[in-house]
Amino acid sequence: MGPLSQQGSVLPLDRFPFAARPLMAWIATIAAVGLALWLRHAADATLPSGFPFLTFFPAVILVSVLLGARYGAVAAALGGVLSWYYFIPPAYTFKLDAGSLAAMGFYALVVVTDVLIIHWLQRANGYLAAERERNAALAHTRALLFDELQHRVSNNLQAVAGLLALQRRRVTDPQAAATLAEASQRVALIGRISRRLYDSDENGRDLAAFLTALLDDVVEANGRSDIARRVDCPPDLKLSTEQALPVALVVAESIANAIEHGLPDHRAPAIAIEVLADGREIQISVVDNGGTLPPDFTVEATDSLGLSIATMLARQTGGSYAVTGGIETRACLVLPQASGGHPAPPPIGKGSDDR
């Protein structure tokens, strides 16, 4: 994101007054006054007496807005002199009596007020435009710094994952080695998706795009190019910045479990992410067609570290996490979208043949 002037976001009023060349500005000023004089002469026969400045007021305002107060003052002076000579009795003279003096005083008061107000408004608008430019530049710098920070965090996490993998090679105990390998995989995965976890402008992330990229990352990280993938998510559904990290970890854990335990030798492996939202809550379900879990499976009945972490993260967001078995395995994360209760997880799908 660049400055406003570089993005085409300049407001219409920011373009005035025009930075025209002096010669062109003078010609435009004289032309505007000349046009006002011609219009006043053309309307003279139809106007009652007492309107000598009628067409010069718009000319002064127009010149002040387009070219600035300096040229507006010149237009006002020229218009006053021409009105005095042509339209204030006695016409075609510069005689000044009480009536003409009052008329000229009224004209001077009005045009000076108009020119000053326009000048002050343009100065204030110029200050605001400059402030918008500075804010845009600061926002651009902030976005660059945020991206750099995310890049460094991602690199650091990848380095930690590499250190854990090296340490695993030196461990002789199989259980400890498996634990280190699992930890290394989790840290590496977080490193891969860390750039997608936070939104620098804090407007929230598009949930469909977020889940699609996350699904692709986890599947590719596990080296499985044979898995069919699908994401069904309502359009324009947003994920808040606070929910991004726990949702990413829980969904990634669910996908990894599906790949490792549900689809190791499946002929037609498939994983789908299905999202439902009713205004009160968001249900994110990771469904695989492995069918390796019994229908009565519950998270509480297992000592899996990954499922325990997923349950803990879900509770931290004020939601819940459940895994159901059967023909399909469904890991369902429920997040509060607004105040309200949590209905039961969505029912099991039709089966692997319908994928």
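Trainee: Which residues make up the covered face of strand S6 (residues 320-324)?

Mentor: Bear in mind that this is a predicted model, where local features need pLDDT of at least 70, side-chain atom pairs count only at pLDDT 80 or more, and totals for chains, interfaces and linings use all residues. Residues are numbered from 1 along each chain as its sequence is written, and side-chain values use heavy atoms, with hydrogens and water left out. Strands are DSSP runs of E with at least two residues, helices are runs of H or I with at least four, and both are numbered from the N terminus. Ser320, Ala322 and Thr324 sit on the uncovered face of S6, while the covered one has Tyr321 and Val323.

Trainee: Where does S6 stand in its sheet, and which strand is the other edge?

Mentor: Strands count as paired if DSSP finds at least two bridges between them. The open sheet has five strands with mixed pairing, in the order S2-S4-S5-S7-S6. S6 is an edge strand, pairing on one side only, and the other edge is strand S2 (228-232).

Trainee: How many bridges join S6 to strand S7 (residues 329-336), and is the pairing parallel or antiparallel?

Mentor: In this hairpin four residues lie between the strands, and glycine 326 takes a positive phi near 125 degrees. Threonine 324 stands opposite arginine 330 in S7. The strands pair over five bridges, and the sense is antiparallel.

Trainee: Why do the rings of tyrosine 85 and tyrosine 86 count as they do?

Mentor: Rings of Phe, Tyr and Trp (its six-membered ring) pair if their centres lie within 6.5 Å; planes under 30 degrees apart are stacked, over 60 edge-to-face, and the rest tilted. The whole structure has ten aromatic pairs. In this one the centres are 5.0 Å apart and the planes are at 90 degrees, so the pair is edge-to-face.

Trainee: Is tyrosine 85 buried, exposed or partly exposed?

Mentor: Buried is under 20% relative accessible area, exposed is over 50%, and partly exposed is in between (1.4 Å probe, protein chains only). The relative accessible area of tyrosine 85 is 27%, so tyrosine 85 is partly exposed.

Trainee: Which residue lies over the face of phenylalanine 87?

Mentor: Ring pairs link Phe87 into a cluster with Trp84, Tyr85, Tyr86, Tyr92 and Phe94. A charge sits over a ring if NZ of Lys or CZ of Arg is within 6 Å of the ring centre and within 35 degrees of the ring normal. Here, at 4.5 Å from the ring centre, lies arginine 40.
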